[in-house]
Amino acid sequence: MRKVENVILKGNICYSQDSKNLIIEENSFLVCEDGKSAGVFREIPEKYCDFEVRDYGECLIVPGCVDLHLHAPQFAFRGFAMDLELLEWLDTVTFPEEARFSDLEYANRAYQMFADTMKKSATTRAVIFGTIHTEATICLMDWMEATGLKTYVGKVNMDQNCPEMLRESSGKSVEATKRWISRVEGAYQNVKPILTPRFIPSCSGQLLEGIADLQRQYHLPVQSHLSENPNEISWVHELYPDTQCYGEAYEKYGLFGENGNTVMAHCIYSDEKELELMKKRGVWIAHCPQSNMNLSSGIAPVRTYLERGMKIGLGTDMAAGFSESIFRAMGEAVQMSKMRWRLVDQSQPPLKLEEAFFLGTKGGGSFFGKVGSFEKGYEMDAIVLNDAKLPYPHALSVRQRLERMIYLSDDRHIQAKYVCGSQIF
């Protein structure tokens, strides 16, 4: 167990107040007290004078990044089959790879690699898919616990429209999930379970009813996919002709925010009915721009979601997204919004840097509570970025340096990382 420290970080501090306002405090002090931010100050208040000061000089200090959607078992094949669309990609590479995780020795090797990479990244919080395999999912939870990152990890549920090697009967899937919850709930300091029906086509009504019963019993959050691909949406309509939108298929079983926090990945083609339902139920949207490009899925209307005050953050969706970097996802969210503005709807202006930064920090962080900002009372997750090896011929403002780090940064530029006040490295 890492020690939660009372510490002060000095540097150029940047954080979101909301999606429009990026707060920049140059050469200032971020005070961490009992794992939470006590605020950002130009001078150290007298009551904190006994705290250790860690002076990071001209480095940028920003909130830890939040990844609302990624698949840990897919880490091994990131960068493969990026010329396929969603459903073909699942059948060709995803399902065969996930079947390998019935072998616990293989799962252990793969998840150690995944966990090591996530620890070095800018991500401090993540919402993660495992596979259907209970022992492998517990192995993943063990490795993620050791990183010190705060994560939700889910055992996947599927009982139809998937390979036999990844199919459980609805009854077996629910019982296995129930046993898994009993084994892992409260067993970790950093990792929590999350219910994970893969998506509507792979889950029968009986299975979804069982998962909903588990949610009511254990009060767990839910993660899944929504309105990612036109063919997928048509498929859902065939399976549920009595519903008016994809989201209603989840809503039918109480799995759309009614009984607990819910995060849905993608939401590219959500119509007015679905938007109203997401807003009503407080569903979080995980915008995954790199994945949406790679699988030719489409361009999500992120501007619409922000203007309507909906809950939204970013996801890497590894391995449909080939990078674990939420900084990269921020830049790609801006790029995708430009394409939507140019090609789809010129009434919707592209995202600004401030909005993309908000999505990758405070926007997604809200799924975990008061996370993703340095405002007083927020859990103190922080990344120290050293851009000294990215020279420029004249002086840059802190905002310019932050923008450049978002587009160019990788783990070589992360000098230190904190989660809830505990230093990870």
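Student: Which residues does Met278 touch, leaving out residues up to four places away in sequence?
Tutor: In this predicted model, Met278 touches Leu226, Phe256, Cys267, Ser270, Val283, Ile285, Tyr305 and Met310, with residues up to four places away in sequence not counted.

Student: And which residues touch the most other members of the largest nonpolar core?
Tutor: Met278 is one of them, together with Trp89, Phe114, Ile128, Met144, Tyr250 and Met330. That core has 111 residues.

Student: Nice. Which helix gives the most to this core?
Tutor: Helix α2, residues 104–120, which contributes 7 residues.

Student: What does the second, separate core include?
Tutor: The second core has 17 residues, and among them are Tyr15, Ile23, Cys32 and Tyr418.

Student: Switching to helix α4: how many Å should its 15 residues span?
Tutor: Residues 170–184 should span 21 Å at 1.5 Å a residue, and the end C-alpha atoms are 21 Å apart, so the two values agree.

Student: Which residues of α4 are buried?
Tutor: Ser170, Ser173, Val174, Ala176, Thr177, Trp180, Ile181 and Val184. Looking down the axis of α4, these buried residues fall within an arc of 165°, so they line one face of the helix.

Student: Which residue just after α4 takes a positive phi?
Tutor: Gly186, with a phi of about 80°.

Notes: Residues are numbered from 1 along each chain as its sequence is written. This is a predicted model: local features need pLDDT of at least 70, side-chain atom pairs count only at pLDDT 80 or more; totals for chains, interfaces and linings use all residues. Side-chain values use heavy atoms; hydrogens and water are left out. A nonpolar core is a set of buried Ala, Val, Leu, Ile, Met, Phe, Trp, Tyr and Cys residues joined through side-chain atoms within 4.5 Å. Buried means under 20% relative accessible area, exposed over 50%, partly exposed in between (1.4 Å probe, protein chains only). Helices (H or I, at least four residues) and strands (E, at least two) are DSSP runs, numbered from the N terminus. Contact means heavy atoms within 4.5 Å. The expected span of a helix is 1.5 Å times one less than its number of residues. The arc is that of the directions from the helix axis to the C-beta atoms.
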